[in-house]
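Take a first look at the model below. Keep it in view as you read.

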Amino acid sequence: DHAIAYDKDLSGVRVLVTAGPTQESLDPVRYLTNHSSGKMGYAIARAAAWRGAEVTLVSGPTALKKPAYVDTVDVVTVREMFGAVTSRAGEQDVIIKAAAVADYRPAQVADGKIKKGAGEGLTLELRRTDDILAYLGEHKRPGQILCGFSMETENLVENSRKKLIRKNLDIVAANSLKEEGAGFGVSTNVLTLITREDETQLPLLTKEEAAHRLLDRIAELRGERA
Ligand code: CTP
Ligand code: CA
């Protein structure tokens with residue numbers, strides 16, 4: 001354990017982290033999901049716990065080991081994540097939404113396995129899911145810090161800054177899929193930390209190092225707002 005090596009600078013701070021993908025069923029055997037491994041969110045949860053925070057991790061389905069000293073809540077669908085996060089949001093000092101949440105779910109879930117038809121194609125009808133982070137932004141407590149993640153293939157800073165404003169966030173960790181060593185499955189990341197005041201591009205870091213840099217900036221923001 002690395003506990004000795006870190007300052008307990010988040011001692012007693014209540015931090016909720018979401019991680020991993022969501023899954024939305026199409027029928028009893030199939031679902032819609034994405035490539036999120038959950039590694040970034042788990043690294044943040046572990047790093048916050050090492051620094052003394054009281055951490056809740058709301059996790060979509062991942063292959064990762066549950067972090068020690070973290071209260072982990074498993075969810076599958078966007079609806080379940082929405083419930084798990086919003087029911088705990090009021091008591092949190094910091095909420096970090098690293099999960100890759102589906103924007104759409106199938107309009108209906110078939111009771112039986114969808115069989116191949118005679119035709120060449122199949123059209124799926126999808127419905128928008130609820131935006132968890134937008135809801136948190138609307139119901140933000142005074143002093144609470146809300147951190148979103150943003151995944152973009154172009155106009156990273158501009159599009160991420162729009163999300164910061166639209167969802168009433170304090171900070172966005174923006175992920176460029178174009179950078180070498182960034183994105184899905186890998187253990188490294190290239191993040192740009194965007195606040196209302198400024199933006200900082202972090203170098204290529206392990207997800208653990210990136211997690212600590214993000215928490216450093218969040219601790220600073222808490223200081224500035226206090
Ligand atoms: N998010 C959420 N609930 C959703 C969709 C996204 O809480 N239904 C959160 C994600 O966890 C992330 C942030 O919103 O922290 C940004 O997600 P992203 O997919 O980058 O942006 P969107 O606002 O969904 O816009 P788009 O996918 O169109 O870029
Ligand atoms: Ca999205």
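The paragraphs below start at the ligand and then move to single residues.

This is a predicted model, in which local features need pLDDT of at least 70, side-chain atom pairs count only at pLDDT 80 or more, and totals for chains, interfaces and linings use all residues. Residues are numbered from 1 along each chain as its sequence is written, chains are lettered from A and ligands numbered from 1 in the order in which they are written, and side-chain values use heavy atoms, with hydrogens and water left out.

Start with ligand 1. Which residues come nearest to ligand 1? Of the 17 residues around it, they are Lys97, Ala99, Phe149, Lys163 and Lys167. A residue is near a molecule or strand if one of its heavy atoms lies within 4 Å of it. Sort the shell by class, and you find 7 nonpolar, 3 polar and 7 charged residues. Here Ala, Val, Leu, Ile, Met, Phe, Trp, Tyr, Cys and Pro count as nonpolar, Asp, Glu, Lys and Arg as charged, and the others, Gly among them, as polar.

Now look at the polar atoms. A polar contact is a pair of N or O atoms within 3.5 Å; within protein, one must be able to donate a hydrogen and the other to accept it, and residues adjacent in sequence count only if both atoms are side-chain atoms. Lys167 has a polar side-chain atom 2.7 Å from an oxygen atom of ligand 1. The side chain of Asp103 has an N or O atom 3.2 Å from an oxygen atom of ligand 1. With Ile132, the backbone takes part: one of its polar backbone atoms is 3.1 Å from a nitrogen atom of the ligand. How much of ligand 1 does the protein bury? Taken alone, ligand 1 exposes 570 Å², and the protein buries 79% of that. Accessible areas come from the Shrake-Rupley method with a 1.4 Å probe; for residues, only the protein chains shown count as cover.

Two elements give two or more residues to the shell around ligand 1: helix H3 (132-138) and strand S9 (145-152). S9 gives the most, with 5 residues. Helices (H or I, at least four residues) and strands (E, at least two) are DSSP runs, numbered from the N terminus.

Next, turn to the strands. Are they buried or exposed? Leu57 is buried, because its relative accessible area is 0%; buried means under 20%, exposed over 50%, and partly exposed in between (1.4 Å probe, protein chains only). Ser59 is buried too, at 1%. The side chain of Ser59 makes a polar contact of 2.7 Å with the side chain of Tyr42.

Val94 sits in strand S6 (residues 94-97). Val94 is buried, with a relative accessible area of 2%. From Val94 to Leu57 is 37 residues in sequence and 12 Å in space, C-alpha to C-alpha.

Finish with two loops. Tyr69 lies between strand S4 (54-59) and strand S5 (70-74). Tyr69 counts as exposed, because its relative accessibility is 69%. Tyr69 is not a glycine, yet its phi is positive, at about 60°. Asn155 is in the loop between S9 and helix H4 (156-166). Its phi is also positive, at about 45°, although Asn155 is not a glycine. Asn155 is partly exposed, with a relative accessible area of 47%.
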